[in-house]
Amino acid sequence: MKGEPDFLQNLRDEMGGGRQWLDRAVVMVYAVLAGLAVVAFTLLADGAFALYSGLRSNWWWAPLVWTPALTALVVWSVRRWAPGAAGSGVPQVMTALDPATPLRERSRFVSLRLSMAKILAVSGGVLAGLSIGRQGPSVQVAAGVMLHARRWLSPNSGISHRELLVAGGAAGIAAAFNTPLGGIVFAIEELSRRLQDRSSGLMLAAIVVAGLVAVSAFGNLSYFGRVRAEALSWSLLMPGMLVAVGCGLLGGLMSRLLLASFVGLPDRFCAYKRKRPVAFAAICGFAVAVIAVVSDGTAVGGGHEHTRTMLEQVGQADASHQPLLFTGLKFVASWLSSWAGVPGGLFGPSLSIGAGVGSDVAWLLGSPHSAALIALGMCGFLAAVTQTPITAMIIVMEMTDGHSMVLSLMACALLASLISRMISRPLYSTMSQLMMRSIREDAPPPKEGSAPIG
């Protein structure tokens, strides 16, 4: 029948051409390198927090000096040598993906040099004891590595800068969380609007390869622990609704605070930050250090250690978790850490805060479904902050043993995201739009007499 695929011809097209296979090999090699970069990032960040924890355990007062000093040093270094490494990393990749971003400007947001700077800066923030994560920054790190592959590809490879950025950003999520499916969904929901048919399979393969590198290094585990939910019943409905609403409200508030901090408001605090950014970072660092002392270190860092402890001690007396207090302190510490200007992500702290919300609801209502409510809280708060409900649901689902919670996670993510949208604009896309505005403002004015564009 006319128009049907010719199998033999298509097979010859796929198998023929050594340069085509060389291009594919280059992409796979860089996918492995992207995964290794995230693995190295993970090991460095974990080692940095271990050093901080040892310092704090030996001298309880040390964070009051150490945290503000190192916070100020990191902010000063980033502003001086790598301003493109500031922030979480996701808006930078989205800005580089925007078709309106000129090719010459992409290196301001994503490059191999910025990937190295990001690893060092975020690890420095973790060493300072701030409440930041490494999962969002892993998006920018892996995207910078993958984008470097473009210089080795042939002009006729059909693989564009955009596809490499999407694959790299998604690979960062896949490797950081050990959730390859979560990385693919993140690429579809947040980063990509459309991939070319002829190369989408290759890009998905690159995401999976990068994720497998992390699985090979750390095993098939989750840094936030495994959620083992017991058999669920209708008694979960009311507590689950309360968790979803609470996460939506708190997550929307967090997103709005972060946007206000990023844009800068006409108040004395933002005015002081604009005038003395390094001194302002030191003040924020001191406030986070006070929170670390009050919470005995549980409310700082990425939060995965405390979350894992909560999951392991479900149904037991857990002296390390202080109901309501932990959630509030972690919320404030995460906001202040971001406001300070230190590069850092929101995925890890958001999952930790959400776990705290779920644990608090279980404690308040005396619910026997503590593990399930913690999982719902993690999913709901992440969905509310990022307003990417499908990605949040998939990431938490891959941490959950069994499929009994799939529908509950979907409902919680959608409700929390809906409530958040009533409170705040989308966090990452709004930040990306503001970065695009800075590109237009920095662009040189048109020469006199030149014809206008459009």
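A residue counts as exposed when its relative accessible area is over 50%, and as buried when that area is under 20%. The structure described here is a predicted model, and its protein has 454 residues, of which 54% count as buried. Val65 reaches 54% relative accessibility and therefore counts as exposed.

**Overall build**

- The protein contains 19 helices and two strands.

**Nonpolar core**

- The largest nonpolar core is made up of 120 residues, and those with the most contacts inside it are Val110, Met146, Met254, Phe347, Leu376, Leu409 and Leu427.
- Helix α2, which covers residues 18-58, contributes twelve residues, the largest share of this core.
- Leu427, one of the residues with the most contacts inside the core, touches Ser255, Leu258, Leu259, Leu346 and Val385, when residues up to four places away in sequence are not counted.
- In soluble globular proteins, nonpolar side chains tend to be buried together.

**Nonpolar surface patch**

- On the surface, a nonpolar patch is formed by Trp59, Trp60, Trp61, Val65 and Val293, which together have about 560 Å² of accessible area.
- Val65, a member of this patch, is found in helix α3, which spans residues 62-81.

Conventions. Residues are numbered from 1 along each chain as its sequence is written. This is a predicted model: local features need pLDDT of at least 70, side-chain atom pairs count only at pLDDT 80 or more; totals for chains, interfaces and linings use all residues. Side-chain values use heavy atoms; hydrogens and water are left out. A nonpolar core is a set of buried Ala, Val, Leu, Ile, Met, Phe, Trp, Tyr and Cys residues joined through side-chain atoms within 4.5 Å. Buried means under 20% relative accessible area, exposed over 50%, partly exposed in between (1.4 Å probe, protein chains only). Helices (H or I, at least four residues) and strands (E, at least two) are DSSP runs, numbered from the N terminus. Contact means heavy atoms within 4.5 Å. Patches are made of residues with over 30% relative accessible area and no salt bridge: like charges are joined within 9 Å, nonpolar side chains (Val, Leu, Ile, Met, Phe, Trp, Tyr) within 5 Å. Accessible areas come from the Shrake-Rupley method with a 1.4 Å probe; for residues, only the protein chains shown count as cover. A salt bridge is a side-chain nitrogen of Lys or Arg within 4 Å of a carboxyl oxygen of Asp or Glu.
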